[in-house]
Structure formats: C-alpha cells, structure tokens
Amino acid sequence: MKKGCTFSLHEAWRAFIPHSPIVPWSKVVWFPRRIPKHCFYLWLTFRDGHKTLDKLHSWGVVQYVCCAFRCGQKESIDHLFFACPFIATIWNHFLAKCGFRRSCGGWSGESDWCIQRLQGNSFRSWITKLTLAAVIYHCWMERNNHFFQNSFGNSDSLIQAVALDIEGKCWGLSRVADNPMNSEIFSNWNFPLSLLSVGTSMPAGFLWNL
Ligand SMILES: [Zn+2]
C-alpha cells in the first residue's frame with residue numbers, strides 16, 4: 001500500500017494472498033443458489049481429492065479395489081463418475097430430466113463436457129450443475145455406506161434422494177424464462193408450468209424470488 005493512501009482490507013488481503021489462476025471448472029462448482037455440501041464433493045471430484053480404492057491400494061492401505069456398486073470393475077474417480085454402469089444409470093436419468101440427450105462416460109470426458117456446457121447462467125445450466133453436484137454427493141455417500149455400514153440401496157432410492165434435494169431447492173421457483181427448453185425441463189421435473197415467466201430473462205445470481 002502506498003504511503004498516504006486509504007487503508008483497504010481488500011487490498012491488504014490481495015497483498016498477502018498469492019494470486020492463483022482461475023480453474024476452468026470454477027463456474028461449474030461455485031454458482032448462485034448452490035447446495036454447499038454437495039458442491040464441496042463436486043469440488044473434491046474436480047480436484048481428484050476422493051480417496052478412491054485405486055489410490056488406497058497403490059498406497060498399500062487396502063488389498064481390494066472392486067467398486068462398491070458390484071460391477072466388478074476397479075474403483076477410481078473416472079469409474080465412479082460416471083463409467084460405473086450403476087451410477088451411469090442415475091446420471092443419465094437426470095441428464096435427460098435436464099434436457100440433455102446423451103450418454104455419460106468416465107470423469108475424464110465428463111468433466112470436459114461439464115466445463116464446455118455448464119458455464120452459463122441459464123436455468124438449464126443451473127439445474128444441471130445443481131443435479132450434478134447432488135448425484136456426486138449422494139453416490140459418494142452411498143459408496144461410503146456400503147463400505148463402512150454394510151448397507152446398500154438400489155438405484156431408485158438414490159434417484160429419489162437426489163430428486164428430493166433438487167425439488168426442495170427449486171421450491172418457490174419463479175422468474176424463469178418461458179421458453180421451449182425451460183418448459184421441457186419443468187415438465188420433466190413436474191414443476192408447475194405456471195411458475196414460468198413470459199419474457200423474463202434470468203439475471204445472473206438471481207434465479208427466483210422467495
Ligand atoms: Zn462400478
């Protein structure tokens with residue numbers, strides 16, 4: 001700070017904290033009206049921070065590497081999200097609800113797709129990011145339940161858990177533009193079409209009034 005200038009906490013913070021480059025997935029993970037605990041696990045996934053069995057095995061911590069979802073394949077981040085047939089069923093189900101007609105692959109390709117397609121502030125982009133984070137959170141929790149509590153739910157119960165979180169977050173939704181894509185997504189999620197606003201464009205970070 002220059003002598004005689006007004007002290008600014010912001011400038012002081014910037015002086016002490018080294019600048020880091022903005023990662024290409026930042027807007028996929030950190031977006032308005034997110035569910036924080038879900039986005040933490042999405043952040044971990046982009047950072048390859050999960051302690052998956054392939055890592056634990058390479059460190060000599062465990063002897064087995066088989067996926068908890070009984071597909072017979074080795075557990076890795078690429079496999080879990082979403083090359084695993086069990087989890088792919090869940091993500092493909094929600095991709096369709098968000099208006100995407102595609103089949104998912106492993107995380108190496110899926111993360112690139114998310115970075116390319118989910119950067120914007122449209123309602124479709126927002127609900128897809130919200131759902132992506134919810135699927136990753138609930139599938140990781142289910143994986144942990146299997147290993148640590150020996151409990152195992154089916155895909156229907158996981159889909160229901162994800163849907164409940166998304167529907168809860170969308171309660172009171174308004175100011176969503178009435179266009180064909182948003183109408184399709186509202187129908188897929190059984191949201192009331194009356195909540196769509198004719199001629200309304202969504203300002204960034206302001207998706208609905210509560
Ligand atoms: Zn699997």
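Two residues are in contact if their C-beta atoms, placed from the backbone, lie within 7 Å. The close-up views below all come from a predicted model.

**View 1. Contacts of Trp91 beyond its sequence neighbours.** When the neighbours within four places in sequence are left aside, Trp91 is in contact with Phe82, Cys104 and Val135.

**View 2. The largest nonpolar core.** This core holds 41 residues, and the members that touch the most others are Ile87, Trp91, Ala133, Val135 and Ile136. At least two residues of the core are supplied by each of the helices α2 (26-29), α3 (36-46), α5 (77-83), α6 (85-97), α7 (107-117), α8 (123-149) and α9 (155-169). Among these contributors, α8 gives the most, with 11 residues. Trp91 and Val135, both listed among the members that touch the most others, are also in contact with each other.

**View 3. The two sides of helix α3.** The buried residues of α3 are His38, Cys39, Tyr41, Leu42 and Thr45. Because they cover an arc of only 155 degrees around the axis, they are placed on the same side of α3. The buried residues of this helix pack against α2, α5, α7 and α8, whereas the face turned away from the buried side carries the exposed residues Pro36 and Lys37.

**View 4. Asp48, after helix α3.** Following α3 comes Asp48, whose phi is positive, with a value of about 55 degrees although the residue is not a glycine. Asp48 has its place in the loop between α3 and α4 (53-58). With 13 other C-beta atoms within 10 Å, Asp48 is partly exposed, since a residue counts as exposed if 12 or fewer such atoms lie within that distance and as buried if there are 20 or more.

**View 5. Arg70, in the loop between α4 and α5.** Arg70 lies in the loop between α4 and α5, and the residue has a positive phi of about 60 degrees although it is not a glycine. Is Arg70 buried or exposed? Arg70 is exposed, because 12 other C-beta atoms lie within 10 Å, and a residue is exposed if that number is 12 or fewer.

Technical notes. Residues are numbered from 1 along each chain as its sequence is written. This is a predicted model: local features need pLDDT of at least 70, side-chain atom pairs count only at pLDDT 80 or more; totals for chains, interfaces and linings use all residues. A nonpolar core is a set of buried Ala, Val, Leu, Ile, Met, Phe, Trp, Tyr and Cys residues joined through C-beta atoms within 7 Å. Helices (H or I, at least four residues) and strands (E, at least two) are DSSP runs, numbered from the N terminus. The arc is that of the directions from the helix axis to the C-beta atoms.
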